[in-house]
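Trainee: Please take me slowly through one residue of the structure below, starting from the whole chain and ending with the surroundings of that residue.

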Amino acid sequence: MALSACAPDISPSSYAVGSVGQVNRTVRGVVISARPVAIGGTQSGVGAGAGAVAGGAAGSAIGSGVRANIAGAVGGALVGGIIGAMAENAVTRQSGTEYVVQTENSALLTVVQGGGQELSVNQKVLVIYGSQSRIIADPS
């Protein structure tokens, strides 16, 4: 659950605080293609770090003697780190949609964005350029 908090909000309705007040260019267009895509999970290192700590602690209890405890801690940390990184990736993986839009000047643009607003083929849209470009329904 803690790792799922690491997943970025990739919906077209969310903005980073640094984007507030920024002017973005917007063009009109029509969706000509929409298909579901998988968006890979994040790799912040939180999962690997937590896994390494837990694995190291558990591994240090293996054996009877200082050398066995150290070897167990090192091995446990390596295995725990790998498992933690894999868990973080799996928990933060998201679904999205790849849209191809033909603008009013006939240019083709492709944008992948997370869920929140599903757009359909032949729907009129606005393409908002920015550090995170997004496509929204044209309200006009």
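Mentor: Among contacts between residues at least 6 apart in sequence, 66% join residues at least 24 apart, where a contact means heavy atoms within 4.5 Å. This is a predicted model, in which local features need pLDDT of at least 70 and side-chain atom pairs count only at pLDDT 80 or more, while totals for chains, interfaces and linings use all residues. Residues are numbered from 1 along each chain as its sequence is written, and side-chain values use heavy atoms, with hydrogens and water left out.

The protein has 2 helices and 5 strands, which follow one another from the N terminus as β-α-α-β-β-β-β; helices (H or I, at least four residues) and strands (E, at least two) are DSSP runs, numbered from the N terminus.

The residue to look at is Thr 103, which lies in strand E2, residues 94-103. Thr 103 counts as buried because its relative accessible area is 8%, and buried means under 20%, with exposed over 50% and partly exposed in between, using a 1.4 Å probe and protein chains only. Across the 140 residues of the protein, 31% are buried.

Leaving aside neighbours within four places in sequence, Thr 103 touches Val 27, Arg 28, Gly 29 and Leu 109. The side chain of Thr 103 also makes a polar contact with the side chain of Asn 105, at 2.4 Å; such a contact is a pair of N or O atoms within 3.5 Å, and within protein one must be able to donate a hydrogen and the other to accept it, while residues adjacent in sequence count only if both atoms are side-chain atoms.

Strand E2 runs antiparallel to strand E3 (residues 108-114), and 7 bridges join them; two strands pair if DSSP finds at least two bridges between them. The two form a hairpin with 4 residues between them, and in the turn Ser 106 has a positive phi of about 75°.

In soluble globular proteins, nonpolar side chains tend to be buried together.
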